Amino acid sequence: MKINHDAPAIAENLRAQSRAWMMAGACLSVLGACAPFGSSENESYRDINAAIGATTRFDAERFAGDWFVVASFDPVPKGAVTFAYNPEPQTLALSSEIIPDRIGTYEIASAGVLKNNDNPARSLIVMWVDEGFRTAALGTALGDFGVILNRQEEAPADRLQASRDVLDFYGWDISKLKETKP
C-alpha cells in the first residue's frame with residue numbers, strides 16, 4: 001500500500017473548495033430570494049412556480065352572500081363584496097364597489113375554482129374557507145390579486161392567521177398582505 005504524504009494538504013484544499021462552493025450557493029440563494037415574484041410585466045404577489053390549490057370544502061351555496069375584504073395585497077379600501085349563486089348554470093356573480101375590476105360572473109369550474117370565461121387568467125381560486133364559511137382566502141393563480149374575506153367587518157385573529165398560513169403555503173408573499181382601511 002502506497003502512502004500519500006500530501007493527503008493532509010489535499011484534504012485541506014478540498015475543504016477550502018467545499019467552503020467556497022457553499023458560500024457561492026448561499027450568495028445565489030440570497031439573490032434569488034430578492035427577486036420579485038412573477039413576471040416584471042405584471043406585479044405578482046406570489047411565486048407563480050409554487051403549486052396552488054382550491055379548497056375541497058367549497059360549497060357555492062354556502063359561499064354566496066356578503067363578505068368584507070379584511071386584508072388585501074392591492075391597496076383596497078375596507079368594504080363589501082357580494083357573491084350571488086346561480087345553480088343553472090353553476091355560476092357565482094361577484095359585485096362590489098371596492099374591486100370593480102373583478103366584477104363579473106364566474107363559472108364554477110370545480111370546487112373552489114371560479115373561472116372567468118372572458119379572461120381565464122383572471123379566474124379566482126378559493127384556497128381556503130373555514131368550516132363555518134365565515135372567513136376565506138382567494139386570489140388568482142398569477143398572484144396579481146389576492147384577498148382575505150370575512151362575513152363581518154373584523155376577522156378573528158385565529159382565522160386571519162389561518163388565511164395567512166394558507167396564502168404563505170401557496171407561495172404568496174404575505175409580507176405584502178395588508179389589512180384593509182376604511
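Student: Which residue forms a salt bridge with Arg134?

Tutor: The model is predicted, and the pairs below are read from its coordinates. Side chains of opposite charge can pair when their charged atoms come close. Arg134 is partly exposed, at 39% relative accessibility. Its closest N and O atoms in the salt bridge are 2.7 Å apart, and the partner is Asp130.

Student: Is Asp130 buried or exposed?

Tutor: A residue counts as buried when its relative accessible area is under 20%. The relative accessible area of Asp130 is 4%, so Asp130 is buried.

Student: How many salt bridges does the model contain?

Tutor: The pair of Arg134 and Asp130 is a salt bridge, and Lys78 with Glu154 is another. Asp144 also forms a salt bridge, with Arg102. By the rule applied here, the count comes to 5.

Student: How many residues apart are Lys78 and Glu154, which form a salt bridge?

Tutor: The closest N and O atoms of Lys78 and Glu154 are 3.5 Å apart. Lys78 sits in the loop between β1 (65–72) and β2 (79–86), whereas Glu154 sits in the loop between β8 (146–150) and α3 (157–169).

Student: Is Glu154 buried or exposed?

Tutor: Exposed residues have a relative accessible area over 50%. For Glu154 the value is 57%, so Glu154 is exposed.

Student: Why does the salt bridge between Asp144 and Arg102 tie together separate parts of the sequence?

Tutor: The closest N and O atoms of Asp144 and Arg102 are 3.5 Å apart. Asp144 belongs to the loop between β7 (135–139) and β8, and Arg102 to the loop between β3 (91–96) and β4 (104–110). Because the two residues lie in these two loops, the pair ties together parts whose separation in sequence is 42 residues.

Student: Which strands each supply at least two residues of the lining of the largest cavity?

Tutor: The count of cavities of 30 Å³ or more comes to 1, and the space in the largest cavity is about 40 Å³. Its lining consists of Val81, Phe83, Leu94, Ile99, Leu138, Phe145, Val147 and Leu149. The strands that each supply at least two of the lining residues are β2 and β8.

Student: How many nonpolar residues does the lining of the largest cavity have?

Tutor: Val81 and Phe83 are among the lining residues. By class, the lining has no polar and no charged residues, and its nonpolar residues number 8.

Student: In which helix does Ser163 lie?

Tutor: Ser163 has a relative accessible area of 0% and is therefore buried. Leaving aside residues up to four places away in sequence, Ser163 touches Trp128, Thr135, Ala136, Ala137 and Ile148. The helix that holds Ser163 is α3.

Student: What percentage of the residues of the protein chain count as buried?

Tutor: The chain has 3 helices and 9 strands, in the order α-α-β-β-β-β-β-β-β-β-α-β from the N terminus. The chain exposes about 10,700 Å², with carbon and sulfur atoms supplying 56% of this area. Of its 182 residues, the buried share is 37%.

Notes. Residues numbered from 1 in each chain as written. Predicted model: local features only at pLDDT ≥ 70, side-chain atom pairs only at ≥ 80, totals over all residues. Heavy atoms only, no water. Helix = DSSP H or I, 4+ residues; strand = E, 2+ residues; numbered from the N terminus. Buried < 20%, exposed > 50% of the residue type's maximum accessible area, 1.4 Å probe, protein only. Areas by Shrake-Rupley, 256 points an atom, 1.4 Å probe, with all protein chains shown as cover. Salt bridge = Lys/Arg side-chain N within 4 Å of Asp/Glu carboxyl O. 1 Å grid on protein atoms, 1.4 Å probe; cavity = no way out; pocket = protein on both sides within 12 Å on 5 of 7 lines; lining within 4 Å. Points joined across faces, edges and corners; volume = space filled by probe spheres on them. Nonpolar A, V, L, I, M, F, W, Y, C, P; charged D, E, K, R; others polar. Contact = heavy atoms within 4.5 Å.
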